[in-house]
Amino acid sequence: MSTGALRRTALYDLHKERGAKFAPFAGWDMPLVYDGLGALDSHMHTRQHASVFDVSHMLQTRIAGRDRHRFLEGLVVADLKELPLGGATLSLFTNANGGIEDDTIITQQDNSLYVVSNAGCADKDLAHLQRHAKALQDQGADVDVCRIDDHSLIALQGPASQSALEQLAAVKLGQMPFMTGRLVDIGGVPCHVARSGYTGEDGFELSIPTSEVRSITARLLENPAIKLAGLAARDSLRLEAGLCLYGSDIDATTTPVEAGLVWTIGKRRRREGGFIGADIILGQVASKGGDRRRVGLVIEGAPARAHAKVLSAEGEEVGTVTSGIPAPSLGKNIAMAYVPKRFSKKDTPLKVKVRSRTLDARVVKMPFVAANYHHV
Amino acid sequence: MFALLTRTAAAARTAGIARRNLTKYTKSHEWVKIEQGVGTVGITNYAQSALGDVVYVEVPEVGIEATPDEPVGVVESVKSTSDIYSPLSGTIVDANQAVVESTKLINKSPEADGWLFKVKFSSADEIDQLLDLAAYKQLTESDD
């Protein structure tokens with residue numbers, strides 16, 4: 001962890017006024033929980049109503065220029081040429097070893113691609129984008145990478161999100177499907193609204209001019225159904241939803257095949273490749289290769305945390321937990337882990353070592369909690 | 001001569017402590033209330049507040065030997081795990097099953113009903129190495 005000064009988002013004072021307890025995250029001082037609403041209550045509130053999360057620490061990038069699709073397809077696995085206008089997709093930045101450098105949400109906008117990626121990878125991602133853009137520009141390509149530093153990002157997540165946003169912005173959003181984005185006028189302020197999130201619930205990620213983010217967030221919070229939520233709830237919600245945390249469940253050493261993220265690779269991209277590490281990744285796709293798989297586990301007896309060892313039913317060490325919690329919505333101990341492919345089938349009995357105890361575990365399908373996304 | 005003196009002093013202190021009730025604290029945020037050769041142990045209010053909603057607790061088995069170096073239990077929130085140490089060496093003579101059943105007790109009453117276990121300590125000398133309330137308060141304030 002860096003010992004330098006932590007960065008603050010534009011909502012720092014609002015968090016502080018509303019009793020946030022802060023924790024350092026990727027060089028930022030971020031709210032973890034708020035007074036009067038513990039991590040558990042905050043988690044349940046999001047599942048039952050809706051919460052606002054400050055995610056302004058994430059990197060927002062705009063990629064413009066005629067050659068933007070060709071450029072970004074060189075770095076990620078998505079089919080961006082086929083992505084419809086307003087469509088958004090989860091994608092992966094890959095490396096030459098077939099590993100995952102970051103995960104990202106890319107939205108097709110009118111004259112640009114809007115890219116949101118992880119705070120912890122922000123410097124690396126931006127340098128990677130700029131270096132490859134420069135190489136293409138030197139060959140005469142028309143591409144421009146621009147960090148969006150005048151917009152903050154908040155996530156409104158939970159079943160009450162649509163009605164809250166409709167009330168605030170005087171729009172109808174019932175026809176807006178999950179994983180799409182559009183501009184929405186919020187009280188005269190043009191905001192990019194993506195129907196997406198990291199909780200398994202319906203919700204929106206709002207990119208708001210930084211000068212206006214405080215007032216818009218405060219107005220959202222006037223709605224009694226909406227409460228602030230911090231990183232603690234964000235992590236338990238995403239894990240129940242089976243969503244990966246970069247740096248824990250996926251990283252530069254895990255391939256999309258091992259991580260169970262082959263579905264992010266566009267059909268055309270599987271034929272044509274053309275992204276970094278495509279030979280290795282597509283080789284694994286074709287041979288169903290890769291040594292291991294990311295699986296969901298339910299563990300009996302005690303919560304298993306990251307780095308806990310996974311054993312076969314016979315007691316042989318076969319893998320490692322990458323994230324684990326006592327799931328607030330389920331009352332069960334859930335985890336993600338990497339295990340050899342032969343142990344990755346649903347219902348495979350395994351064991352997990354927690355302190356001195358060897359606990360029974362079983363492979364389950366993810367998400368652990370059914371997604372509640374908005375379909376039109 | 002010197003050794004003899006200190007031993008005598010320690011013995012005198014032990015006798016005093018044995019009569020008196022007192023509560024001491026550890027740097028790892030346990031409290032121990034000492035009564036008649038038995039220490040009742042729990043986590044401090046500061047610790048429960050830092051941890052947040054407790055959702056899982058393991059208390060030690062009655063009869064095991066504990067030392068301050070080895071965790072004997074665990075208190076967990078959704079996000080994190082906190083090992084519990086016995087501030088004093090000795091035999092575990094009781095464990096609070098109520099907190100295992102109702103983990104919320106630790107958040108509601110960390111320094112009374114939310115106690116975790118009792119240790120019959122083998123040497124009162126270790127008591128001197130623990131923090132008194134003033135020293136513990138100083139520790140938690142410097143943490144903020």
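How many residues of chain A are in contact with chain B, and how many of chain B with chain A? I opened the predicted model with that in mind.

**Entry 1, chain A against chain B.** I counted 13 residues of chain A in contact with 10 residues of chain B. I then looked up which elements of chain A give two or more residues to that side, and found α2 (39-48), α7 (231-240) and β16 (317-327). The largest share comes from α7(A), with 3 residues. Sorted by class, I have 9 nonpolar, 2 polar and 2 charged residues on the side of chain A that touches chain B.

**Entry 2, domains of chain A.** I took the domain assignment next. Domain 1 of chain A is given as 12-58 + 150-240, and domain 2 as 291-368. Over C-alpha atoms, I note 31 Å between the centres of the two domains. Their contact takes 8 residues from domain 1 of chain A and 9 residues from domain 2 of chain A. On the domain 1 side, α2 and α7 of chain A each supply at least two residues. I record α2(A) as giving the most to that side, with 4 residues. The residues of the domain 1 side divide into 3 nonpolar, 3 polar and 2 charged.

I see α2 and α7 of chain A listed for the side that touches chain B and listed again for the side of domain 1 that touches domain 2.

I checked UniProt, where an unreviewed entry lists residues 11-267 of chain A as "domain: GCVT N-terminal". For this span I noted 28% helix and 31% strand. The end C-alpha atoms of residues 11-267 lie 40 Å apart.

Definitions and conventions: Residues are numbered from 1 along each chain as its sequence is written. Chains are lettered from A and ligands numbered from 1 in the order in which they are written. This is a predicted model: local features need pLDDT of at least 70, side-chain atom pairs count only at pLDDT 80 or more; totals for chains, interfaces and linings use all residues. UniProt positions are given in the numbering used here, feature names are shortened, and annotations may be inferred rather than shown by experiment. Two residues are in contact if their C-beta atoms, placed from the backbone, lie within 7 Å. Ala, Val, Leu, Ile, Met, Phe, Trp, Tyr, Cys and Pro count as nonpolar, Asp, Glu, Lys and Arg as charged, and the others, Gly among them, as polar. Domain bounds come from an automatic or database domain assignment.
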